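Here is a short note for a colleague who is learning to read structures. Please keep the sequence and the coordinates open while going through the points.

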Amino acid sequence: MARVLFFGKLASLAGRQELQAPLPPGETTVAGLIDLITKDDAELGAALKEASVRVIINEQMDDNAVITDDDEVAFLPPVSGG
Amino acid sequence: MIRVSEDMIDPGEVLAAFESSATNAGAVVSFLGRVRSQAGETEVRSLFLQHYPGVTEKYIANVEAETRRRWTIDDILIIHRVGELKPGEAIVFVCVSAAHRREAFEAADFLMDYLKTEALFWKKEITQAGETWIEPREQDYMDAARWNQLSKDR
């Protein structure tokens, strides 16, 4: 299982802030994980794949990482602090 | 020091404490960001701010370290609110102390540009018309890009 976190408008779209994703055998990429968790939600799938969305895996920014069990994968839309 | 919390910010009290501990600094600069009461023509009822607990703070700490590499700074304090905020309340308070004013001004400006465009916060504006997640304005990105140019020039 990987722990998936959504923030900002992505959490609103997903209707929740986090979910547990069971990983299939073999290598799971970020794109593969998105397909896995959004197979019934094309709108969320498209939103997660937008170029402006950043991905942090285990607190590191890395879009190319392979996701394994117990990883924490956070999807971040454009930020707006201050 | 970095603090991300739902607690209200009392800028007077925080600045007084920061200033009294900055015994050797010739300059103390502070910036206070507040919730606007208007979004264009629309009245803002409240803001909701979200962060990535633990990770937001860690990334801000990296930028604090970068700030200390670029300028000779005595002390830095960054306080950022999360949760529900009402118009007029403080969202962000940044204090910088340094030997001279230029360093303190520039460091505070740099930190604020980072907090507006890079730091892991998400802000939702709640008005009569509904709720909207806010994204940085083009001007915010241009402000932040100045520092890349500045480091090339140096």
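This is a predicted model: local features need pLDDT of at least 70, side-chain atom pairs count only at pLDDT 80 or more; totals for chains, interfaces and linings use all residues.

The numbered points below go from the interface to single residues.

1. The size of an interface is often given as the accessible area lost when the parts come together. Here chain A and chain B bury about 1900 Å² between them, and 53% of that area is on carbon and sulfur atoms. On the side of chain A, Val79(A), Ser80(A) and Gly82(A) lose the most area to chain B, and together they account for 34% of what that side buries.

2. Counted by residues, the interface brings 21 residues of chain A into contact with 24 residues of chain B. Three salt bridges are found across it, and there are also 14 residue pairs in polar contact, with both partners at pLDDT 80 or more. The elements of chain A that each give two or more residues to this side are strands S1 (2–6), S3 (54–57), S4 (60–61) and S5 (72–76), together with helix H1 (8–14). Sorted by class, the side of chain A that touches chain B holds 10 nonpolar, seven polar and four charged residues.

3. Over all chains the structure holds six aromatic pairs. The rings of Trp71(B) and Trp147(B) are edge-to-face, because their planes stand at 90°, with the centres 5.5 Å apart. Trp71(B) lies in the loop between helix H2 (55–70) and strand S5 (75–81) of chain B, while Trp147(B) belongs to helix H4 (residues 138–153) of chain B, so the pair ties together parts that are 76 residues apart in sequence. Trp71(B) is buried, with a relative accessible area of 3%, and Trp147(B) is buried as well, at 6%.

4. Which residue's side chain is joined to that of Trp147(B) by a polar contact of 2.7 Å? The partner is Asp113(B), which is placed in helix H3 (residues 101–117) of chain B. With a relative accessible area of 7%, Asp113(B) counts as buried. Leaving aside neighbours within four places in sequence, Asp113(B) is in contact with Asp143(B), Ala144(B), Arg146(B) and Trp147(B).

5. Is Arg81(B) buried or exposed? At 3% relative accessibility, Arg81(B) counts as buried, because the limit for that word is under 20%. Arg81(B) is found in strand S5 of chain B, and a polar atom of its side chain lies 3.2 Å from the backbone oxygen of Glu6(B). Beyond its neighbours within four places in sequence, the contacts of Arg81(B) include Ser5(B), Asp7(B), Leu49(B) and Glu89(B).

6. The last point concerns the backbone, where most residues other than glycine have a negative phi. Asn58(A), although it is not a glycine, has a positive phi of about 50°; it is found in the loop between S3 and S4 of chain A and counts as partly exposed, at 37% relative accessibility. Asp70(A), which is not a glycine either, has a positive phi of about 75°. Asp70(A) lies in the loop between S4 and S5 of chain A and counts as exposed, with 72% relative accessibility.

Methods
Residues are numbered from 1 along each chain as its sequence is written. Chains are lettered from A and ligands numbered from 1 in the order in which they are written. Side-chain values use heavy atoms; hydrogens and water are left out. Contact means heavy atoms within 4.5 Å. Buried area is the accessible area (1.4 Å probe) that two parts lose on being put together, summed over both. A salt bridge is a side-chain nitrogen of Lys or Arg within 4 Å of a carboxyl oxygen of Asp or Glu. A polar contact is a pair of N or O atoms within 3.5 Å; within protein, one must be able to donate a hydrogen and the other to accept it, and residues adjacent in sequence count only if both atoms are side-chain atoms. Helices (H or I, at least four residues) and strands (E, at least two) are DSSP runs, numbered from the N terminus. Ala, Val, Leu, Ile, Met, Phe, Trp, Tyr, Cys and Pro count as nonpolar, Asp, Glu, Lys and Arg as charged, and the others, Gly among them, as polar. Rings of Phe, Tyr and Trp (its six-membered ring) pair if their centres lie within 6.5 Å; planes under 30 degrees apart count as stacked, over 60 as edge-to-face and the rest as tilted. Buried means under 20% relative accessible area, exposed over 50%, partly exposed in between (1.4 Å probe, protein chains only).
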